[in-house]
Every structure is written in C-alpha cells, then in structure tokens.
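Student: I have a new model open and don't know where to start. Can you walk me through it?
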Amino acid sequence: MKKIKVLTGITTSGTPHLGNYVGAIRPAIAASHTDNVDSFYFMADLHSLIKCDDPKRVDQSTFEIAATWLACNLNPDKVTFYRQSDVPEISELCWILTCVTAKGLMNRAHAYKAQVQSNIANDTGDPDKGITMGLFSYPILMAADILMFNAHRVPVGKDQIQHLEMARDIAGRFNHHYGKHFVLPEAVVSEETAVLKGLDGRKMSKSYDNTIPLFVPEKKLRKLIMKIKTNSLEPGEPKDPEECALFQIFAAFASKEEIAAKHNQYAEGAGWGVLKQELFEFLNEHLKDYRNQYERLMQDINYVQEVLQKGAEKARSVAQPLLNEVKRAVGIRPLLKV
Ligand code: TRP
C-alpha cells in the first residue's frame with residue numbers, strides 16, 4: 001500500500017504554547033501513529049530568520065520546539081523529524097523554484113500585502129519599508145519544504161491556506177514546463193481543532209503576546225490562568241461557557257463527560273475564582289508528565305541533537321534523489337568521473 005505523506009513545520013521564533021499544542025502538535029503526533037501515513041515534521045529555522053533577527057532566540061526556540069515534540073511522545077523512529085537548515089537540498093530546490101515563480105504571484109501574498117498596506121496607511125513614504133526579500137519570497141521557501149518530499153497533505157492553520165495554494169501553483173508550473181516531478185499538495189485545515197483564545201480573549205498567538213507557554217513551571221501556570229480575562233459576573237450568576245477562554249482551554253483537554261459537567265457548573269453560577277483554580281489543577285494534571293519529560297530533555301541537549309542528526313540523514317536520503325531528478329530536468333546533470 002502506498003503511504004500518504006503528511007508534512008508540517010513550525011517556525012522557530014518563540015516558545016511553544018497551548019495553542020500550538022492543541023492546534024498542531026497533538027493532532028500531528030496522533031496522525032503519526034496511524035499506519036498508512038509517512039510523516040515529516042520539522043523545525044522551520046530558515047523561516048524564522050524572516051521574523052526574528054535575534055540569534056539566541058532562534059537557537060533557543062529550535063531546541064524548545066524539538067524538545068516539545070519529543071516530550072509529547074513523538075516517536076522519531078516512526079517519523080522523519082528534522083531541522084530545515086540541516087537539509088540543504090531544500091534551499092537548493094528553493095532557488096530552482098524561485099526561477100519558475102511569477103513575481104506577480106508573490107505580490108499577492110497576504111503577509112507581504114499587509115505590510116505594504118500598513119506602510120501606505122502610516123505614510124512612511126516607502127511602500128516597501130522594512131520588507132526583506134525573505135518576507136517577499138517566504139512562500140517559495142515553504143513550497144520547497146513541501147515539494148522536496150512530495151508531501152500529499154499539509155496540516156496547517158487557516159492563515160497558511162494561501163501559501164499552500166501558491167505551492168500548488170509553483171509545482172504545477174514546474175511540472176508543466178519540465179515534466180511531472182512534483183505532487184500537488186493539499187492543505188488540511190481541521191475545523192474541529194479549536195483555535196484557542198489567549199489571556200486577553202483574542203486568538204492565542206505569539207504576535208499578540210497573550211500566550212500560555214505549554215511547559216511553564218506549575219506556579220507560573222497558575223499565575224497565568226488567574227490572569228485570563230473574564231467578565232464581571234458575580235458568583236451565583238449563570239455564565240456562558242461558549243465565549244469563555246477558560247472553558248475553551250478546559251474543553252481542549254477534557255472528555256465529553258467532563259465537558260458536560262463543566263457546562264452545568266457554568267449554568268449554576270460557579271465563581272470565576274473557583275473556575276480558574278479548577279482549570280489550573282486540571283491542566284496541570286494533564287501536562288505534568290510531559291513537562292517533566294520536557295525538562296529532562298532540555299537538560300540533555302546532546303540527545304536532542306542526536307535525534308535531529310539522524311532525522312536530517314533520513315530526510316536527506318529522500319530529498320537527494322528527487323533533487324537530482326529535478327536538476328536533470330532543468331538541464332543540470334551530474335558530472336561524470338573522468
Ligand atoms: N509558515 C508556517 C507557519 O508560519 C510554517 C511552515 C514553514 C510550514 N514551512 C512549512 C508549515 C511547510 C507547513 C509546511 O505556520
């Protein structure tokens with residue numbers, strides 16, 4: 001049976017938070033345990049350079065994210081788990097793809113357009129102010145990540161759908177001109193995995209600085225939960241769980257029965273203080289073992305490095321033959337020994 005290839009990456013510009021875990025890491029690990037998939041998960045460190053010019057942060061984030069995957073029981077023997085920059089074939093493919101990508105396609109990318117709009121709105125006098133070529137061609141590097149492994153499915157957040165369409169477009173153009181070498185990848189956007197709300201009630205995101213890091217120490221976790229914004233309803237007054245960040249975080253970890261019981265508590269008017277304390281205890285119970293494992297891994301960076309080295313070898317053994325094929329297709333053949 002031909003396996004389906006599933007691939008996804010996380011940009012290494014911050015510390016993994018509850019939203020990353022529920023939205024990306026947990027479902028990806030679950031998928032990797034099914035038999036008919038071949039999974040590729042990686043740390044997108046080359047992508048991080050686009051948003052982050054702090055070398056310490058890039059390095060720290062890379063190991064935090066790698067240790068997080070491993071702490072959450074990713075089995076590196078069952079998947080291909082690597083750092084993007086350790087697979088130089090990706091960067092090489094990126095250039096070849098750059099040469100078939102229409103500039104007009106990149107002009108339409110949301111992230112680039114948003115920055116141009118904001119420069120115009122703020123009267124900066126230069127619509128391209130602060131925009132690097134990295135930001136502009138971000139979608140091509142992402143296409144290279146995906147096409148390098150001929151991935152069929154790419155689980156991503158809604159904000160990445162356009163990038164997947166661009167990857168298909170680029171693959172299609174290459175195939176049309178040079179023959180069929182690339183699979184056209186599909187975005188998998190899961191509707192049921194909640195987009196968690198953060199401390200201030202907006203989407204939990206590094207860019208809003210409202211996250212709950214996945215593995216903060218117990219005391220800090222409690223403190224952060226106590227900070228989650230709620231409304232001014234008093235104990236005894238019925239509360240609506242649907243719009244509530246506390247309830248939503250609870251629900252992302254709870255069973256059906258636990259969710260139903262919590263619903264009742266809201267209807268019966270439990271106080272915010274009690275609900276917060278209970279969320280803390282519940283979440284802490286769920287994260288404790290993973291957190292211990294994470295802390296052990298962060299103390300044993302050599303082990304993490306070893307895993308990543310093996311992962312890179314595995315990834316390169318898939319990437320090299322395809323890159324050679326692609327190079328031949330464009331007219332760059334290997335030199336024969338003389
Ligand atoms: N751009 C993605 C994000 O910001 C991260 C990423 C980089 C990625 N390369 C990828 C995701 C390839 C999926 C496939 O979330």
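Tutor: Let's begin with a term. A cavity is a set of grid points where a 1.4 Å probe fits but cannot get out, and lining residues have an atom within 4 Å of such a point. Keep in mind that this is a predicted model.

Student: OK, how many cavities of 30 Å³ or more does the structure hold?
Tutor: The structure holds 1. About 40 Å³ of space lies in the largest cavity.

Student: Which residues line the largest cavity?
Tutor: Leu246, Phe247, Phe250, Lys262, Tyr266, Leu275 and Leu279. By class, that lining has 6 nonpolar, no polar and 1 charged residues.

Student: And which helix gives the most to that lining?
Tutor: Helix 10, with 3 residues. Helix 10 (245–253), helix 11 (256–267) and helix 12 (272–298) each supply at least two.

Student: Switching to the ligand. Which residues come nearest?
Tutor: His47, Tyr138, Met142, Asp145 and Gln160, out of 14 residues around the ligand. By class, this shell has 8 nonpolar, 5 polar and 1 charged residues.

Student: What does aspartate 145 do there, in distance terms?
Tutor: A polar side-chain atom of aspartate 145 is 2.7 Å from a nitrogen atom of the ligand. For glutamine 160, a polar side-chain atom lies 3.1 Å from a ligand nitrogen. Threonine 11 has a side-chain N or O atom 3.5 Å from an oxygen atom of the ligand.

Student: How much of the ligand does the protein bury?
Tutor: The protein buries 89% of the 360 Å² that the ligand exposes when taken alone.

Student: Which elements each supply at least two residues of the ligand's shell?
Tutor: Strand 1 (4–11), strand 2 (37–44) and helix 7 (133–147).

Notes:
Residues are numbered from 1 along each chain as its sequence is written. This is a predicted model: local features need pLDDT of at least 70, side-chain atom pairs count only at pLDDT 80 or more; totals for chains, interfaces and linings use all residues. Side-chain values use heavy atoms; hydrogens and water are left out. A residue is near a molecule or strand if one of its heavy atoms lies within 4 Å of it. A polar contact is a pair of N or O atoms within 3.5 Å; within protein, one must be able to donate a hydrogen and the other to accept it, and residues adjacent in sequence count only if both atoms are side-chain atoms. Accessible areas come from the Shrake-Rupley method with a 1.4 Å probe; for residues, only the protein chains shown count as cover. Helices (H or I, at least four residues) and strands (E, at least two) are DSSP runs, numbered from the N terminus. Ala, Val, Leu, Ile, Met, Phe, Trp, Tyr, Cys and Pro count as nonpolar, Asp, Glu, Lys and Arg as charged, and the others, Gly among them, as polar. On a 1 Å grid over the protein atoms alone, a cavity is a set of points where a 1.4 Å probe fits but cannot get out, and a pocket is an open set with protein on both sides within 12 Å along at least five of seven lines; lining residues have an atom within 4 Å of a point. Grid points are joined across faces, edges and corners, and a volume is the space filled by probe spheres set on the points.
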